[in-house]
Amino acid sequence: MALSNKTRNWLLFFSTVVVVFLLGMLASSIMDRKAESRFAYQPQVNIPAGEPRNAVWGKNFPRQYQSYMRTADTSFVSYQGGGNLRDILEENPRLVVLFAGYGFSKDYNQGRGHYYAIEDTRNSLRTGGPTGPGTGPMPSTCWTCKSPDVPRLMNEIGITEFYEGKWADKGPEVVNAIGCADCHDANTMSLRISRPALVEGLKAMGKDVNQATHQEMRSLVCAQCHVEYYFNKNLPGKEGAAYLVFPWKNGHSAEDMERYYDDMSFVDWTHPISKTPMLKAQHPDYEVYMTGVHAKRGVSCADCHMPYRTEGGQKFTDHHIQSPLNNVVNSCQVCHREETEDLVNDVYDRQQKFKSNLVTLEDLLVRAHIEAGKAWELGAGEDQMEPILKGIRHAQWRWDYVAATHGGSFHSPVEANRVVATGINLAQEARLKLSRLLAGLGWNKPVPYPDINTKEKAQAFVGLDMAKLEKEKEEFKKNIIPQWLEEAKNREASQPIEEVSLN
Ligand code: HEC
Ligand code: HEC
Ligand code: HEC
Ligand code: HEC
C-alpha cells in the first residue's frame with residue numbers, strides 16, 4: 001500500500017528530528033570525553049625520579065593507580081591460577097620431598113598479586129625469623145623483585161652494595177610493593193628497565209636492551225622479575241655480595257641453562273636423602289613464554305595481562321595485572337572471536353594435559369631420591385652414585401623449570417611438555433641404574449614408598465620441625481616488623497610531596 005505524500009513528509013520530518021537529536025548527543029558526549037581526558041591528565045604533584053610510593057604517582061594517574069590497586073583482590077580462582085592464596089605443599093605433598101633440605105619444603109604458596117609482594121615475603125617461612133640486622137637465612141638480594149624501593153636503594157648505595165648483607169638488613173628500607181617506578185620513568189612515563197640483572201642478562205646474550213622495540217618493552221618490563229636467576233657469590237670484584245645473575249649466556253632453554261650451571265659446578269643445595277647436588281629453578285616465565293606461538297606472533301605480556309580498558313570515554317592500560325581468565329573480553333577477544341567458555345577451555349585443556357605428565361615426573365623423582373638414599377645406606381660408592389645423581393639433578397631441574405613457570409603450560413604448551421618428557425626420560429634412566437646398583441648391593445625388592453599423602457606427614461618424613469619455624473616467624477612478626485614500619489614511616493615523612501601550582 002502506497003503512503004500518502006502527507007504521511008511520507010511527516011515520517012521524513014520525524015526521522016530527521018531523531019537523527020539530529022542523536023548527532024547532538026554524540027557531539028556532546030565527545031566534548032564531555034575530551035574535556036574529561038584533558039582534566040584527567042592534569043598533573044597534581046611533581047613526581048621525583050624513582051619515587052617508590054605508588055600513591056604519589058596515583059595522584060597524577062588515578063585510573064592506572066586504581067586499577068593497580070585491584071591486584072589486592074584475591075577472589076578470582078581458576079583451575080591452576082588466580083589471586084587466591086594456595087598452599088602448594090598442601091595440594092601436592094610430593095614437593096616437600098623434592099625440596100627436602102631447601103626453603104621450599106617449609107612453605108610454598110602460590111603468588112597472589114603485586115600488591116602483596118612485600119607482605120607475602122615477610123610472612124613466608126622461607127625468610128625465617130630474623131631477630132635483627134645480620135640475622136636470618138636469606139640475603140638482601142631476595143628483595144630485588146619485590147619493590148620500587150630496590151632501584152631507589154641501588155641508586156643511593158650502589159648495585160653491588162644492595163646485594164650485600166642479609167634480607168633483614170634492608171627490612172626498614174624496602175616497604176612499597178611492586179609499582180610504578182619499577183616500570184616507568186617518572187619524567188617521561190615511558191617504560192623503563194629498572195633492574196640491572198636484566199640489562200646484564202641480555203648483554204651476556206649479545207643483546208642491547210636500549211635497542212628493544214616498544215612492543216618488546218611491553219614484555220621486558222615483566223622479564224625484570226618473571227625469569228630464572230641465581231645468586232653468584234664469587235663474582236670477581238664483587239665477593240661478599242649475592243649478586244643477582246640471569247643464566248642466559250648459552251640461551252634460554254632448559255638445556256642451555258642446565259649447561260651453564262653444570263659448567264660452573266653450581267649447586268643450590270644438596271638433597272639430604274639422595275645427596276644430589278641440586279638446582280632450584282625460579283620462575284622462567286619469560287623464557288618459556290618466548291618459545292610459544294603468541295610470542296612468535298609478536299604478542300606481548302601486557303597484551304593479555306594489561307589489556308586496554310575504557311572508562312568515561314578514556315582508553316587506558318589496565319594495571320590490574322592478573323590471570324587473563326578473569327577478563328577474557330579484553331585479554332583475548334580483541335584478537336580471538338571464540339566464546340569465553342571456549343577460550344577458557346582451551347587454556348584448561350593445555351594446563352590439564354601438561355599437569356598429568358608433570359605428576360608422573362614428580363612421582364618418579366620422589367622414588368629416585370628415596371632409592372638413592374637406600375643405595376647410600378647399603379654402602380654404594382661415590383663413583384657408582386655419580387652418574388645417577390647427575391641424572392636426578394638434571395631430571396629435577398627439567399621438572400622445576402616448567403613446574404615453577406607460572407602459566408607456562410598455556411604460554412607454550414609444546415615446549416612445556418617437551419621439557420617434561422626429557423625429565424621423565426632422565427628420571428627413568430636414573431632409576432634403572434639405581435635398580436641395577438641396588439641389586440648389586442643385595443637389595444632385590446622395591447624400595448618402599450613413604451606415606452607422604454599430607455603436607456604434615458611429608459614434612460615429618462624429611463625431618464622438619466615446623467612448630468619451631470612457625471614460632472620464630474611469629475616472634476619476628478611481633479617484634480621486628482613494627483620496628484621496620486616505624487622506621488620507614490619516619491623516613492618517608494621526611495620526603496614530602498610537592499604539589500603542582502595551578503595557575
Ligand atoms: C596470549 C595471552 C598471554 C600472554 C601474551 C601472556 N600470558 Fe601469562 N597467562 C595467560 C593465561 C591464559 C594464563 C593462565 C591463567 C590461569 O591459569 O588462571 C597466564 C598465566 C600467567 C601467570 C600466572 C598467573 C596466575 O594467576 O596463575 C603469570 C605470572 C604470567 N602469566 C606471566 C606472564 C608473562 C611474564 C608474560 C610475558 C613474558 C605472559 N604472561 C604473557 C595468558 C597470557
Ligand atoms: C619488580 C618485579 C616484578 C615485575 C616488574 C613484574 N612482576 Fe609480576 N610478580 C612479581 C612477584 C614478586 C609476584 C608475586 C607477588 C605475591 O603474590 O606476593 C608477582 C605476581 C604476578 C602475577 C600473579 C600471581 C602469580 O600467580 O604469579 C601475575 C599474573 C604477574 N605477576 C604478571 C606480571 C606481568 C604480566 C608483568 C609485566 C607487565 C609483571 N608481572 C611484572 C614480581 C614482578
Ligand atoms: C609491571 C610494569 C608496570 C607497572 C608496575 C606499572 N606500569 Fe604503567 N604501564 C605499563 C605498561 C606495559 C604500559 C603500556 C605502555 C605502552 O604500551 O606504551 C603502561 C602504561 C602506563 C601509562 C600510559 C597511559 C596508559 O594507560 O596506557 C601510565 C600513565 C601509567 N602506565 C601509569 C602507571 C602508574 C601510575 C603505575 C603505578 C601505580 C604504573 N603505571 C605501574 C607497565 C607498568
Ligand atoms: C594480540 C592478539 C592476541 C591476543 C590478545 C591473544 N591471542 Fe591467542 N593467538 C593469537 C595469534 C596471532 C595466535 C597464533 C595463531 C594464528 O596465527 O592464527 C594465537 C593462538 C592461540 C591459540 C592456539 C595456539 C596454542 O598455543 O595452542 C590459543 C588456544 C589462544 N591463542 C588462546 C588465547 C587466549 C586464551 C587469549 C587470552 C588470554 C589469547 N589467545 C590472547 C593472538 C592473540
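**Helix packing and ligand shells in a predicted model**

The crossing of helices H17 and H20 is left-handed, a term used where the near helix is turned anticlockwise from the far one by less than a right angle, with clockwise giving right-handed. This is a predicted model, in which local features need pLDDT of at least 70, side-chain atom pairs count only at pLDDT 80 or more, and totals for chains, interfaces and linings use all residues. Residues are numbered from 1 along each chain as its sequence is written, while chains are lettered from A and ligands numbered from 1 in the order in which they are written.

Two packed helices are described by the angle between their axes and the distance between the axes. H17 spans residues 340-377 and H20 spans residues 413-440. Their axes lie 9 Å apart, at an angle of about 25 degrees. Axes are lines fitted to C-alpha atoms, for helices over the stretch in contact, and angles run from 0 to 180 degrees between N-to-C directions. H17 and H20 are therefore roughly parallel (angles under 35 degrees; over 145 is roughly antiparallel, 65 to 115 roughly perpendicular and the rest oblique). The contact of H17 with H20 has 17 nonpolar, five polar and five charged residues. Here Ala, Val, Leu, Ile, Met, Phe, Trp, Tyr, Cys and Pro count as nonpolar, Asp, Glu, Lys and Arg as charged, and the others, Gly among them, as polar.

The chain comes to 23 helices and eight strands. These are DSSP runs numbered from the N terminus, helices being H or I of at least four residues and strands E of at least two. The C-alpha atoms fill a box of roughly 110 × 70 × 45 Å along the principal axes. Of the 503 residues, 38% count as buried. Buried means 20 or more other C-beta atoms within 10 Å of the residue's own, exposed means 12 or fewer, and partly exposed lies in between, with C-beta atoms placed from the backbone. Among contacts between residues at least 6 apart in sequence, 72% join residues at least 24 apart. A contact requires C-beta atoms, placed from the backbone, within 7 Å.

Ligand 2 has 26 residues around it. A residue is near a molecule if its C-beta atom, placed from the backbone, lies within 6 Å of it. Gly-111, Asp-120, Cys-222, Cys-225 and His-305 come nearest to ligand 2. Helices H6 (117-123), H9 (180-183), H11 (214-223) and H15 (301-305) each supply at least two residues of this shell. H15 gives the largest share, three residues. By class, the shell around ligand 2 holds twelve nonpolar, ten polar and four charged residues.

Ligand 3 is surrounded by 22 residues, the closest being Gln-64, Cys-180, Cys-183, Phe-316 and Thr-317. H2 (54-60), H3 (62-69), H9, H11 and strand S7 (314-317) each contribute at least two. The shell around ligand 3 has 13 nonpolar, seven polar and two charged residues.

The buried residues of H11 are Arg-218, Ser-219, Leu-220, Val-221, Cys-222 and Ala-223. They pack against H9, H10 (196-204), H13 (285-289) and H15.

Some loop residues have positive phi. Met-189, between H9 and H10, has phi near 65 degrees. Met-189 counts as partly exposed because it has 15 C-beta neighbours inside 10 Å. Ser-265 lies between H12 (254-263) and strand S4 (269-270), with phi near 50 degrees. Ser-265 has 7 such neighbours inside 10 Å, so it counts as exposed.

Conventions: Contact = placed C-beta atoms within 7 Å.
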